[in-house]
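Hi everyone, thanks for coming along. Let me put the model up on the screen, and then we can walk through it together.

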Amino acid sequence: MDERALGTTGYDVTEVGMGTWNIGSDWGDVSDEAAHEAVRAAIDAGITFLDTADVYGDGRSERVIADVLAEYDPDERPTVATKAGRRLDPHDASGYTESNLREFVDRSRSNLDTDALDLLQLHCPPTDVYYQPETFDALDDLKAEGKIDHYGVSVERVEEGLKAIEYPGVETVQIIFNPFRQRPAELFFDEAARRDVGIIVRVPLASGLLTGNLSAETEFPENDHRNFNREGEAFDRGETFAGVPYECGLEAVDELRPLVPEDATMAQFSLRWILDHDAVSTVIPGSTDPKHVRENVIAASLPPLTTEETERVREVYEEYVADAVHQRW
């Protein structure tokens with residue numbers, strides 16, 4: 001795979017990385033063996049960027065990554081990004097203090113068995129946090145102390161990303177972007193590129209919708225967010241199916257199917273569409289299936305979409321899903 005610069009961090013990362021929410025929690029039961037095998041598959045496939053968070057399985061995802069990395073040459077260690085903030089209860093802006101962030105960082109350093117975190121991201125904090133300079137001052141302090149090497153943010157909304165990159169220490173923004181969530185490409189990507197901010201794309205397959213493998217008859221486990229968070233009952237609705245009403249999403253997928261090359265999957269086609277945007281540093285699909293991990297990597301080698309294909313993806317977006325998501329996120 002080709003690599004792209006991750007903003008000003010100095011890290012060059014593979015175009016396709018790996019998200020590890022799936023191996024931590026909220027996607028049904030995942031055995032320890034399956035969790036470890038998924039991370040191994042990513043590294044063996046050449047992936048050099050892993051994304052996790054301290055709340056994925058209450059630290060399970062971080063610990064799995066540490067276990068697997070211990071099996072590999074330290075000189076070939078991938079960049080590991082984690083997130084902090086969602087451990088707060090209640091999760092409100094007043095909790096984003098230096099003392100709390102310090103506690104979260106130390107816990108993640110222990111889970112990941114590292115002296116310094118490669119990249120720490122605020123984990124979709126309340127909007128008010130972006131108007132608290134003292135929170136970003138605290139991140140600067142942690143960086144100066146050598147506990148984190150770089151920091152960024154994971155956002156729900158474009159407006160939050162635009163505000164975040166006003167802080168000079170913010171080197172990356174993680175945001176939802178896929179054929180069903182196209183708004184970031186309108187303004188935010190240009191602003192991020194102008195400031196040399198790295199873009200990490202999460203939820204690239206709309207929680208499985210854009211794999212083309214889901215149907216109206218698909219049943220999800222009780223502890224899978226695609227079952228319990230469709231209306232945002234547990235966290236932001238945009239994290240589940242990218243905020244798209246499930247039935248509308250299925251209709252949109254059917255419209256996209258004719259565009260998928262015979263030698264590619266719907267998932268690969270969707271990832272390629274994302275990578276056609278130069279502002280994107282890396283895209284982080286998650287999977288517990290090593291086969292799917294390897295297939296995701298292949299997306300980076302597919303040819304870019306044609307102008308006609310890109311226009312058709314936009315038409316499907318506007319007809320089937322834009323009304324539900326465009327101005328909301």
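Which residues have the most contacts inside the largest nonpolar core? They are F136, V153, V173, F180 and F188, in a core of 94 residues. By nonpolar core I mean a set of buried Ala, Val, Leu, Ile, Met, Phe, Trp, Tyr and Cys residues joined through side-chain atoms within 4.5 Å. Buried is under 20% relative accessible area, exposed is over 50%, and partly exposed is in between, using a 1.4 Å probe and protein chains only. Helix α9, residues 266–275, gives this core its largest share, 7 residues.

Before going on, a word on the ground rules. This is a predicted model, where local features need pLDDT of at least 70, side-chain atom pairs count only at pLDDT 80 or more, and totals for chains, interfaces and linings use all residues. Residues are numbered from 1 along each chain as its sequence is written, and side-chain values use heavy atoms, with hydrogens and water left out.

Now zoom in on F136. Leaving aside residues up to four places away in sequence, F136 touches L122, V129, Y130, Y151, V153, Y167 and V170; a contact here means heavy atoms within 4.5 Å. Apart from that core lies another, of 8 residues, including Y11, F49, L119 and I284.

Next, a helix pair. Helices (H or I, at least four residues) and strands (E, at least two) are DSSP runs, numbered from the N terminus. How do α1, residues 32–44, and α2, residues 60–69, pack? Their axes are 9 Å apart, at an angle of about 60°. The axes are lines fitted to C-alpha atoms over the stretch in contact, and angles run from 0 to 180 degrees between N-to-C directions. From α1 the contact uses D32, A35, H36, V39, R40 and I43, and from α2 it uses R60, V64, I65, D67, V68 and L69.

Finally, some backbone details. The D89 to P90 peptide bond is cis, with omega near 5°, and P90 lies in the loop between β5 (79–84) and α3 (98–111).

Two residues other than glycine have positive phi: D26, near 70°, and S207, near 60°. Are they buried or exposed? D26, in the loop between β3 (18–19) and α1, counts as partly exposed at 25% relative accessibility. S207, in the loop between β9 (198–202) and α7 (225–228), is buried, with a relative accessible area of 5%.
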